[in-house]
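Colleague: I would like to go through this model with you, starting at the ligand and ending at the domains. Please give the cut-offs as we go.

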Amino acid sequence: MEIKKKDIRALTKEQLRAFFADHGDKAFRGNQVYEWLWQKSAHSFDAMTNISKETRSMLEENFVINHIKVDQMQRSSDGTIKNAVRLHDDLVVESVLIPTDTRTTACVSSQVGCSLDCRFCATSRLKRMRNLNPDEIYDQVVAIDNESRLYFDRPLSNIVFMGMGEPLMNYNNVLKAIDKITSPEGLGMSPKRIIVSTSGVPKMIKKMADEEVKFGLAVSLHSAIDEVRTSIMPFNATFPLKDLRESLEYWYNKTKNRITYEYVVWEGINDTKDAVEALVKFCKFAPSKVNLIEYNPIDDGEFQQASNAAIAMYKNTLERNGITVTVRRSRGKDIDAACGQLANKS
Ligand code: SAH
């Protein structure tokens, strides 16, 4: 039986150095290979041209490079690009490139499917199959950086963990990927240009705060009233708003980083005065801003975007209370690339 080869990118630099030292080579060879794997995103050992042929075939015997493959790329009429990304075990996730006049943002996935059950989100209808590895997250970013250079003549500028999955339920791998993305030995991007978005896992928010992470935090709030939030995001019964709030205060005290709340206003669900007032109150626990995002219908008509008047009421009330609000229009709707639409349809 053939022994399953190890994914070389699961090794740290130190482990790679030790591997070479153990195989009668210089530990420094580990640095060179590491650079090929991460900074240069080599897809094969043969691409490592400053490594001898013998060493390359020795690597080939011991390891694989499980690179992702962009199976299909779709372009929206607004310039948004969606990649269907095939993983080494043939599972597929999606990532999105969102261009504006001044930036290119990559929206990346952290899991195959999702274990949460937000009733308005298409991804929740896919079973969570597994967590993505750090290199699979990193590769999504590299693929989008390449597309940004190719189609928009500039490098990627921002990253949001708002694709498929709940990043805080794949915490270790997401953090490892961000380490690589921000390290000079990887992409060297500033952590300030990265946002991790969560449905709200209090224990993990506290853990991130304790680790003094430097990236931004967004929370998909959608309601500041437990009863309502549980009816649309059932896991709120397990992680109620009181615990979420407490973890966010903890986050702010440790990091001094303002929190972004993502919020969709739906007709008959949270388009009332009481709902806005609850949100205003919630926003006062820790410095924050609110992103009112447009609802992207996912099919059955159970959820409807609230009226313009309701959205204006939200905007005015929040602003009157000194809270920054942005109203975000969807991008990439025509190719099912907008928030909540990632479901491997094609
Ligand atoms: N699990 C994480 C990451 C997903 S981010 C989180 O919940 O934050 C995806 C964002 O899109 C979340 O803010 C989510 O609440 C929002 N969203 C989901 N379905 C949507 C839909 N149909 N229309 C608009 N936004 C949606």
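Colleague: How far from an oxygen atom of the ligand does a polar side-chain atom of Ser-220 lie?

Modeller: First, this is a predicted model, in which local features need pLDDT of at least 70 and side-chain atom pairs count only at pLDDT 80 or more, while totals for chains, interfaces and linings use all residues. Residues are numbered from 1 along each chain as its sequence is written, and side-chain values use heavy atoms, with hydrogens and water left out. A polar contact here is a pair of N or O atoms within 3.5 Å; within protein, one must be able to donate a hydrogen and the other to accept it, and residues adjacent in sequence count only if both atoms are side-chain atoms. For Ser-220 and an oxygen atom of the ligand, the distance is 2.6 Å.

Colleague: Where does the domain assignment place the two domains, and what distance separates their centres?

Modeller: The bounds come from an automatic or database domain assignment. Domain 1 covers 6-64 and domain 2 covers 69-335. Taken over C-alpha atoms, their centres are separated by 35 Å.

Colleague: Which three residues supply 60% of the area that domain 1 buries against domain 2?

Modeller: Buried area is the accessible area (1.4 Å probe) that two parts lose on being put together, summed over both. Between the two domains it is about 810 Å², with 44% from carbon and sulfur atoms. The three residues, which supply more than any other three, are Arg-9, Trp-38 and Gln-39.

Colleague: Which residue forms a salt bridge with Arg-9?

Modeller: A salt bridge is a side-chain nitrogen of Lys or Arg within 4 Å of a carboxyl oxygen of Asp or Glu, and the count between domain 1 and domain 2 is 3. In the pair with Arg-9, the closest N and O atoms are 3.7 Å apart. The partner is Asp-135.
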